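I opened a new notebook page for this one.

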Amino acid sequence: MGMQRRDAAPLGDGTRAEVERNIAAQIPALTRFARRLVGPRGDVEDLVQDTLLKALSASGQFRPGTALKSWLFTIMRNTFCTAYRVRQREQVGLPDALVAVLGVPPSQDWAIRRIEMEEALDRMPGGVRQALLLISFGSSYDETARICRCEVGTVKSRVNRARKSLVDELGSLTVH
């Protein structure tokens, strides 16, 4: 009487149904092996499921009398290695050039800058603030001079002082 390998499950008549029952009986051993492959944070259940699907679809290729557990472990190891190679080729995230094009600065930064701008405008003397606001809203220097009841040169001087004051107080108006 020949010796049978310890991990070779008795397969009875070797029918497909018998092989499938013996495959199902190996689930606990496959789960333990999967934990060793993927580690504590890996998805053990997915690896076991993929292995079972492949084994069941190829159950007609299993040769009775050979070690079923070894056959299943080989399928699992190959499935794991293939998935690992695919993950190594996958690029995580977006390329830097695309991120730069798609990136949008957070809106709260602009809200804060708007509040800072309003507060800086409130601290300006009335004539300087009025001249800056009229020019920034599209009035011409002549029109602004008429509204402010002063000379065009005075309007230009006030607008220049207002701009300098804002830059000194707020710095650059770009949001990072």
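**Ring pairs**

I searched the whole structure and got two aromatic pairs. For my notes: rings of Phe, Tyr and Trp (its six-membered ring) pair if their centres lie within 6.5 Å, and planes under 30 degrees apart count as stacked, over 60 as edge-to-face and the rest as tilted. Phenylalanine 33 and phenylalanine 73 make a stacked pair, with 4.5 Å centre to centre and 15 degrees between the planes. This pair links distant parts of the chain, since phenylalanine 33 is in helix H2 (residues 27–38) and phenylalanine 73 is in helix H4 (residues 68–89), 40 residues apart. I also looked up phenylalanine 73's accessibility: at 23% relative accessibility, it counts as partly exposed.

Next I looked at phenylalanine 62 and tryptophan 71: their ring centres are 5.1 Å apart and their planes at 55 degrees, so I wrote the pair down as tilted. Phenylalanine 62 is buried at 6% relative accessibility, while tryptophan 71 is partly exposed at 21%. My cut-offs here: buried means under 20% relative accessible area, exposed over 50%, partly exposed in between (1.4 Å probe, protein chains only).

**Ground rules**

I have to remember that this is a predicted model, where local features need pLDDT of at least 70, side-chain atom pairs count only at pLDDT 80 or more, and totals for chains, interfaces and linings use all residues. Residues are numbered from 1 along each chain as its sequence is written, and side-chain values use heavy atoms, with hydrogens and water left out.

**Threonine 51**

Where does threonine 51 sit? I found threonine 51 in helix H3 (residues 44–57). Helices (H or I, at least four residues) and strands (E, at least two) are DSSP runs, numbered from the N terminus. Threonine 51 counts as buried because its relative accessibility is 0%. Its side chain reaches the backbone oxygen of leucine 47 at 2.8 Å. Leaving out residues up to four places away in sequence, threonine 51 touches Leu30, Leu72, Ile75, Met76 and Thr79; contact means heavy atoms within 4.5 Å.

**Whole chain**

I noted nine helices and zero strands in the protein chain. Of its 176 residues, 26% are buried. I also looked at contacts with a separation of 6 or more: residues 24 or more positions apart account for 62% of them.

Terms used:
Polar contact = N/O pair within 3.5 Å; in protein donor to acceptor, adjacent residues only side chain to side chain.
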